[in-house]
Amino acid sequence: MKTEVFIHRSRLEAPGPDVYAWHALPDALERLTPPGERVKVIEKTGGIERGGRVVMRFGRWPFSRRWVAEHQDYEEGHYFSDIQLSGPFAYWKHTHTFEPDGPEACILEDRVEYALPFGFIGRWFAAKYVRNKLSKLFEPRHQVTAREVVSSRNLS
């Protein structure tokens, strides 16, 4: 199984622990879903710590799919990761990292390791599409995170 790596990094004007805490909010995933994306959270158990699980349905009927992800490793204030238990990929691990960049800022990094289904044929047909889709998903996610974390810090 050939895995690919996608990384999106942004500098945020907020300390890593604050950005981590924002991601731990019960509705953070819904707030991170870009407008127009057909994603519905069906079930959630736990949070972003080990064992937390999310079941989603995404896509348009009749091609909608179910995706089950489980949170795995984490270090509060620094990073957390989730893996796909079932869904569209042959393999998926998503790690969210919050690296300090001075006392009042951090680098938010989303690192996705993934493998497409159907081996070479899957890569040949979908590799470019998936990479473009990930770029289109993570750019607005980082913008939302920056806007909401900074605005919540200004309210405090």
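Me: Is Ser81 buried or exposed?

Reply: With a relative accessibility of 1%, Ser81 counts as buried, where buried means under 20% relative accessible area, exposed means over 50%, and partly exposed lies in between, using a 1.4 Å probe and protein chains only. This is a predicted model, in which local features need pLDDT of at least 70 and side-chain atom pairs count only at pLDDT 80 or more, while totals for chains, interfaces and linings use all residues. Residues are numbered from 1 along each chain as its sequence is written, and side-chain values use heavy atoms, with hydrogens and water left out.

Me: Which strand is Ser81 found in, and what is it in contact with, leaving aside neighbours within four places in sequence?

Reply: Ser81 belongs to strand E5; strands (E, at least two residues) and helices (H or I, at least four residues) are DSSP runs numbered from the N terminus. Once neighbours within four places in sequence are set aside, Ser81 is in contact (heavy atoms within 4.5 Å) with Glu70, His71, Gln72, Asp73, Lys93, His94 and Thr95.

Me: And where is Gln84 found? What does the side chain of Gln84 have 2.6 Å from a polar atom?

Reply: Gln84 is also a residue of strand E5, which covers residues 79-86, and at 13% relative accessibility Gln84 counts as buried. A polar atom of the Gln84 side chain lies 2.6 Å from the backbone oxygen of Phe89. Not counting residues up to four places away in sequence, Gln84 touches Trp67, Val68, Ala69, Phe89 and Trp92.

Me: New topic: which residues of helix H1 are buried?

Reply: In helix H1, residues 16-23, the buried ones are Gly16, Val19, Tyr20, Trp22 and His23. Looking down the axis of H1, these buried residues fall within an arc of 160°, so they line one face of the helix; the arc is that of the directions from the helix axis to the C-beta atoms.

Me: What does the side chain of Glu148 make a polar contact with?

Reply: The partner is the side chain of Trp22, at 3.4 Å. A polar contact is a pair of N or O atoms within 3.5 Å; within protein, one must be able to donate a hydrogen and the other to accept it, and residues adjacent in sequence count only if both atoms are side-chain atoms. Glu148 sits in helix H3 and is buried, with a relative accessible area of 18%. Beyond residues up to four places away in sequence, Glu148 touches Trp22 and Arg31.

Me: How many cavities of 30 Å³ or more are there?

Reply: The count comes to one cavity of 30 Å³ or more, and about 40 Å³ of space lies in the largest cavity. On a 1 Å grid over the protein atoms alone, a cavity is a set of points where a 1.4 Å probe fits but cannot get out, and lining residues have an atom within 4 Å of a point. Grid points are joined across faces, edges and corners, and a volume is the space filled by probe spheres set on the points.

Me: Which residues line the largest cavity?

Reply: The lining consists of His23, Leu32, His96, Leu108, Asp110, Arg141, His142 and Thr145. Strand E7 (106-115) and helix H3 (119-155) are the elements that give two or more residues to this lining, and H3 has the largest share, with three residues. By class, the lining has two nonpolar, four polar and two charged residues; Ala, Val, Leu, Ile, Met, Phe, Trp, Tyr, Cys and Pro count as nonpolar, Asp, Glu, Lys and Arg as charged, and the others, Gly among them, as polar.

Me: How many residues apart in sequence are Ser135 and Phe6?

Reply: Ser135 and Phe6 are 129 residues apart in sequence, yet their C-alpha atoms are 8.5 Å apart in space. Ser135 is placed in helix H3, counts as partly exposed at 34% relative accessibility, and touches Phe6 and Pro140, not counting residues up to four places away in sequence.

How values were computed. On a 1 Å grid over the protein atoms alone, a cavity is a set of points where a 1.4 Å probe fits but cannot get out, and a pocket is an open set with protein on both sides within 12 Å along at least five of seven lines; lining residues have an atom within 4 Å of a point.
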